[in-house]
Amino acid sequence: MSAVIEEHHHDDHHHGPDKGIMRWVLTTNHKDIGTLYLWFSFLMFLTGGVMALGIRAELFQPGLQIVAPEVFNQLTTMHGLIMVFGAVMPAFVGLANWLVPMMIGAPDMALPRMNNYSFWILPFAFGLLLSTFFMDGGAPNYGWTFYAPLSTDYAPPSVTFFIFAVHMMGVSSIMGSINVIVTILNMRAPGMTLMQMPLFVWTWLITAYLLIAVMPVLAGVVTMMLMDIHFATSFFNAAGGGDPVLFQHVFWFFGHPEVYIMILPAFGIVSAIIPTFARKRLFGYDSMVYATASIAFLSFIVWAHHMFTVGIPIAGELYFMYATMLIAVPTGVKVFNWVATMWQGAMTFETPMLFAIAFVILFTIGGFSGLMLAITPVDFQYHDTYFVVAHFHYVLVPGSVFSIMAAVYYWLPKWTGNMYDETLGKTHFWLSFIGVNVTFFPQHFIGLAGMPRRIPDYALQFADWNMVSSCGAFLFGFSQLLFMFIVIKCIRGGKKATDQVWEGAHGLEWTIPSPAPYHTFSTPPTDMKEAHG
Amino acid sequence: MNRVKRMWQLGLSLLLFSNVALADWSALNLRQGVTEISREVYDLHMLIFYICCGIGVVVFGAMIISMLMHRKSLGVKPATFHENTNLEIAWTVVPIVILLGMAVPATSTLRDMYEPGDADIDIEVRGYQWKWQYTYLDDDPAKEIQFMSALMTPQDEIYNEAAKGEHYLLDVDNPLVVPINKRIRFLVTAEDVIHAFWVPDFAVKKDAIPGFVHESWAIVEEPGVYRGQCAELCGKDHGFMPIVVHALEQDDYDAWVAEKQSEAAAIFETVGKTWTQDELLAKGGEVYARNCVACHQVNGQGIPPAFPSLVGQGVTVGDIQENIDVLLYGRAGTAMQAFGQQLNAAEIASVVTYVRNSWGNDTGDTIQPKDIHTQMASQ
């Protein structure tokens, strides 16, 4: 490692960013690209959010009022696709771009030109995906899980565009992950061992391997769909000797690791924030790393728990139930470590800490419903009901999305050099916290009471809680405009941030000036004592 | 045991949802159902739920205590510990033990559900976009009962032009009828896309997948009407294909079977007679409303391009034989199903007559049930 660094030629020519739009189009700077990813993901978050509000508006009351059933199905499908692939994943990639080089003392990502490509593919991929709304037959309407044959023989013609868009997202993700892995393994500052890396770097390293492992599987399954649709193959067509269940196996072999792709970096973020505001080192760093790796490993061998009702033999049902239950162990270790970190600390509750604590509590609630869903015989009752909807929204919204918001508040002063408005930040937190719970907690009840998911209209006994849920959704949705206002206000000015920003913060990113200069760590740092909290 | 459980429920509901829950706990929780299996599932659900609540009290309790006591504003000094091997081993081992405690009853319930056994009645459940077909299998094909079961809720209730009935969206024209205390085997499959057959009160949910026949079973213990819905996204009207099961005493069930069989004989007779155009149009209107409206709409205009218009274009004003063929055998690769498997000859003949003479289509054609019957029989 040190030999490489000694050869590194010192570049005295510190130039700043170019001017105008071309700065963003041609940039190879990890901070610029991180910013692009984050704004793109926020735009997609609002786009997917508007669709969610369309869904919740229709479900405000029984009966069909606002959207027709075929439009409703397009909204649920596109909401899922956009939130998963357009909002949550790019947000984490944006954070990785900004933070990984600064946390490991590297001057930039290892492959800056590829970094530029992997971002600029995304607007085209999502442009293509969104354009299907204007096509004959409308946008994809077969659910974000796009089960064949509904997504093949019975799909609208736009399915081909959907397949191409998914391919593009896959290419982008794979390039992004290669970049993260190469950066982390090759560009750490001299003397920083793997077990000295901040947990955010560790979780992203593992996430990147997950992405490389499963995005090709997704590409494979959509390619098989394409062949079935246009080239008369019968991978998933029972009448031609194919197997619709094969689709689900391949999809969930991608899909289960995918859900951990959306939560592991969140674990890293929370593991950075809680120690800072508890003013106490992270409890059980080593076990955090091993728990993350265990969760990643287990994610590959539990996929059929999404498919308990497809008619799997009892031996298979039992295996997938036991394997799924096992995930509770490393996940529990993480939660216990966070609680032990808080224990006997000296806590303050700035906005990032509020989001991080809410993450721990609400993610754990999502974990409990996940444990319930793992129990096969009971899953037969829960499967494809609003109980499942409540479960995965609890791990994704107050889970992944809250962690992203926590990260933005936490590192925004470093990025912009200004403190955000703490009062507004706390207001945003409480509105979001109340909104998210009012939206998704009642969905546990309507699911248990028997309401299937993905229906535009429902029987009268589900009416009360659906109305509550819709009110919460609008509260949560509109609160995010406040978030946008706070971020823009902070970019434009505010109280100047110190280099350290937070009293209890540790890590290399806090050793550089605020705002972080365009180029950082052109000379690698040497003191690794502060590498992680 | 039961009393303890009740008190738990009461306590929890007071704690969590105040008096909303007391009024109607059933609207918030899983149903106990009417089979031994469904009650077992309910008990397992409650067990896991209480265990989760217990863990939650400990974890969230520790967090809340910590948030109240370990605040900088109270002037505390942060501790410096950051690992404790014994503690970490404990919170790895204890969850494993708890999980084992969950796995044992879960395994036993699952084994009960998968227990093989001879069925008293075999019912094939076949999912179509967007209705169910039930076939009571019998070694003697003449005794086989087969019918379609579709949503009966009127469109004006759905579109808020009329008050919604008590069983809004959960009412069908022909419910599935089963006797109580008999082991009923459901053989679940589908014709087009994947559906899922779900009756919560029986704890039965099985995906209906084209090309596969999966089985599930139930022994219903109480007579009554049990309602469920399709649980797998199956296209536009996924939310509009309920399942209704009437469980009857054995005598009532036998009477129902006899009635169904004589009904089949009566239909056979009507196919033989010559129908007037008015009779065909009247019958055709009913058939259209039940089977065609969802896609082709009341005005026949459809929702192009997925569901084409029937007005002034295509087979409905073209070759009559082609029109009949599309209806009998469907159109491959589209949502147009092979209605020859779902409707009888009189229904096919009348609906063909209807579409060729409605909404300005004026071919003047009439087609007789007996001709359709000949064509269907020759296949």
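Buried means under 20% relative accessible area, exposed means over 50%, and partly exposed lies in between (1.4 Å probe, protein chains only). This is a predicted model, where local features need pLDDT of at least 70 and side-chain atom pairs count only at pLDDT 80 or more, while totals for chains, interfaces and linings use all residues. Residues are numbered from 1 along each chain as its sequence is written, chains are lettered from A and ligands numbered from 1 in the order in which they are written, and side-chain values use heavy atoms, without hydrogens and water.

**Stop 1: B:Asp171 and B:Arg227**

Select B:Asp171. It is partly exposed, at 25% relative accessible area. B:Arg227 lies in strand S9 (residues 224-229) of chain B and B:Asp171 in the loop between H4 and S4 of chain B, so the pair ties together parts 56 residues apart in sequence. A salt bridge here is a side-chain nitrogen of Lys or Arg within 4 Å of a carboxyl oxygen of Asp or Glu. Helices (H or I, at least four residues) and strands (E, at least two) are DSSP runs, numbered from the N terminus. B:Arg227 counts as buried, at 16% relative accessibility.

**Stop 2: B:Asp173**

Stay in the loop between helix H4 (155-158) and strand S4 (176-179) of chain B, and select B:Asp173. Is B:Asp173 buried or exposed? It counts as buried, at 19% relative accessibility. The side chain of B:Asp173 meets that of B:Arg290 in a salt bridge (3.0 Å, N to O). B:Arg290 sits in helix H6 (residues 277-291) of chain B, so this pair links parts that are 117 residues apart in sequence. B:Arg290 is partly exposed, at 46% relative accessible area. Now show the backbone nitrogen of B:Ala150: the side chain of B:Asp173 reaches it at 2.8 Å. Leaving aside neighbours within four places in sequence, the contacts of B:Asp173 (heavy atoms within 4.5 Å) include B:Met148, B:Ser149 and B:Met152.

**Stop 3: the A/B interface**

Show both chains. Chain A gives 95 residues to the contact and chain B gives 90. Together they bury about 8,000 Å², 71% of it on carbon and sulfur atoms. That area is the accessible area (1.4 Å probe) that two parts lose on being put together, summed over both. How many salt bridges cross the interface of chain A and chain B? The rule finds one. Select A:Glu503 and B:Lys72: their closest N and O atoms are 2.9 Å apart.

**Stop 4: A:Arg279**

A:Glu503 follows helix H17 (463-492) of chain A, and A:Arg279 is in the loop between H9 and H10 of chain A, so the pair ties together parts 224 residues apart in sequence. A:Arg279 counts as buried, at 18% relative accessibility.

**Stop 5: helix H10 of chain A**

Select residues 285-299 of chain A. This is helix H10, with 15 residues; it reaches 21 Å from first C-alpha to last, close to the 21 Å expected at 1.5 Å a residue. The expected span is 1.5 Å times one less than the number of residues. Buried residues in H10(A) include A:Tyr285, A:Met288, A:Thr292 and A:Leu298. Which elements cover the buried residues of H10(A)? Among them are H8, H11 and H12 of chain A, and helix H3 (85-113) of chain B.

Conventions
Polar contact = N/O pair within 3.5 Å; in protein donor to acceptor, adjacent residues only side chain to side chain.
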